[in-house]
Amino acid sequence: MATIEIDEDSGFCFGVVTAIQKAEAELDKSGHLYCLGDIVHNSDEVERLKNKGLVTITHDDLRKLHNVKVLLRAHGEPPETYAIARDNGIEIIDATCPVVLKLQRRIHARYIDSEHPNTQIVIYGKLGHAEVNGLVGQTNGEAVVVENIDGLDRIDYSRDIALYSQTTKSLQGFKEIEKEISHRKGGQGFESFDTICRSVANRIPKIKEFARRHDAVIFVCGKKSSNGKILFAECREANANTFMVTNESEIDVEQLIGKESIGICGATSTPRWLMNRIKEAIESKL
């Protein structure tokens with residue numbers, strides 16, 4: 001019988017934990033709550049909370065609602081969302097991650113800084129990601145978002161540049177962007193701010209060490225999770241026998257036959273209960 005271990009460092013980050021706790025507290029009281037976007041990028045957790053009364057809505061839906069309660073998830077929102085809520089008598093339950101909120105304030109302060117009126121704000125992040133949308137909103141939509149080196153041509157290098165990062169991006173990717181912008185600017189008129197969340201970044205060396213300890217690794221992750229894609233790639237680099245699944249229905253037992261040690265880990269959006277369920281499913285199949 002194979003030994004199966006769940007990574008003790010995997011699972012929800014504190015921002016996600018707080019958002020879910022706030023949602024469950026309201027659901028326990030009223031049995032109904034709206035959430036602007038998926039509360040976490042994990043469809044199984046979203047479904048669990050849906051069964052408790054959480055209704056996921058879009059920004060278009062928000063504009064049509066009046067006099068209700070709406071949860072803002074850990075990713076954060078642009079100022080426009082708060083304005084709509086005020087106009088529509090919507091009570092906001094704000095679960096914006098403190099790390100994201102601090103970054104929003106930093107970017108907004110730099111955007112309105114009279115001492116640097118011509119500074120171009122650049123955000124290393126995923127275009128369209130909820131957190132990035134919230135950050136861009138702090139600049140009235142003027143910030144430039146770059147996903148990789150190829151996107152750097154969109155920057156106006158005649159202006160001073162201030163570079164920030166989406167909190168869940170890879171530190172290595174940020175350093176590459178930083179180095180290339182500095183090179184193109186000739187070291188002048190460029191500042192960079194490493195705003196990557198360390199509770200996320202620090203998981204990379206730990207999860208790689210965890211992956212190396214096992215003959216095979218099951219990485220549990222929702223398909224929408226940006227953080228999950230990064231951590232899965234790191235696991236795969238450390239152990240080629242790493243397989244991604246969203247839930248127990250996707251487990252291919254043939255990949256695990258003969259393996260003496262199996263590790264289970266996941267993203268910052270992966271619930272612990274789901275990793276436990278996957279462990280039980282593997283045990284029942286081997």
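**Pocket**

I looked up the largest pocket and found that helix H10 (residues 226–238) gives the largest share of its lining, three residues; helices here are DSSP runs of H or I with at least four residues, and strands are runs of E with at least two, numbered from the N terminus. I note that this is a predicted model, in which local features need pLDDT of at least 70 and side-chain atom pairs count only at pLDDT 80 or more, while totals for chains, interfaces and linings use all residues. Residues are numbered from 1 along each chain as its sequence is written, and side-chain values use heavy atoms, with hydrogens and water left out.

I read the lining as Tyr124, Gly125, Lys126, Glu147, Lys169, Ser170, Ser226, Lys229 and Ile230, which divide into two nonpolar, three polar and four charged residues. In this grouping, Asp, Glu, Lys and Arg count as charged, Ala, Val, Leu, Ile, Met, Phe, Trp, Tyr, Cys and Pro as nonpolar, and the others, Gly among them, as polar. A pocket is an open set of points on a 1 Å grid over the protein atoms alone, where a 1.4 Å probe fits, with protein on both sides within 12 Å along at least five of seven lines, and its lining residues have an atom within 4 Å of a point.

**Helix H9**

I then asked which residues of helix H9 (residues 203–212) are buried. They are Arg203, Ile204, Ile207, Lys208, Phe210 and Ala211, where buried means under 20% relative accessible area and exposed over 50%, with partly exposed in between (1.4 Å probe, protein chains only). Seen down the axis of H9, these residues fall within an arc of 160°, so they line one face of the helix; the arc is taken from the directions from the helix axis to the C-beta atoms. On the other side of H9, I found Pro205 and Arg212 exposed. The buried residues pack against strand S1 (3–6), helix H8 (198–201), strand S10 (216–220), H10 and strand S12 (261–266), with contact meaning heavy atoms within 4.5 Å.

**Aromatic pairs**

I searched the whole structure and recorded two aromatic pairs, counting rings of Phe, Tyr and Trp (its six-membered ring) with centres within 6.5 Å, as stacked under 30 degrees between planes, edge-to-face over 60 and tilted for the rest. Tyrosine 164 and phenylalanine 193 are stacked, at 4.9 Å centre to centre and 20° between the planes, and both are buried. Phenylalanine 219 and phenylalanine 232 have ring centres 5.8 Å apart and planes at 55°, so this pair is tilted. Phenylalanine 219 lies in strand S10 and phenylalanine 232 in helix H10, 13 residues apart.
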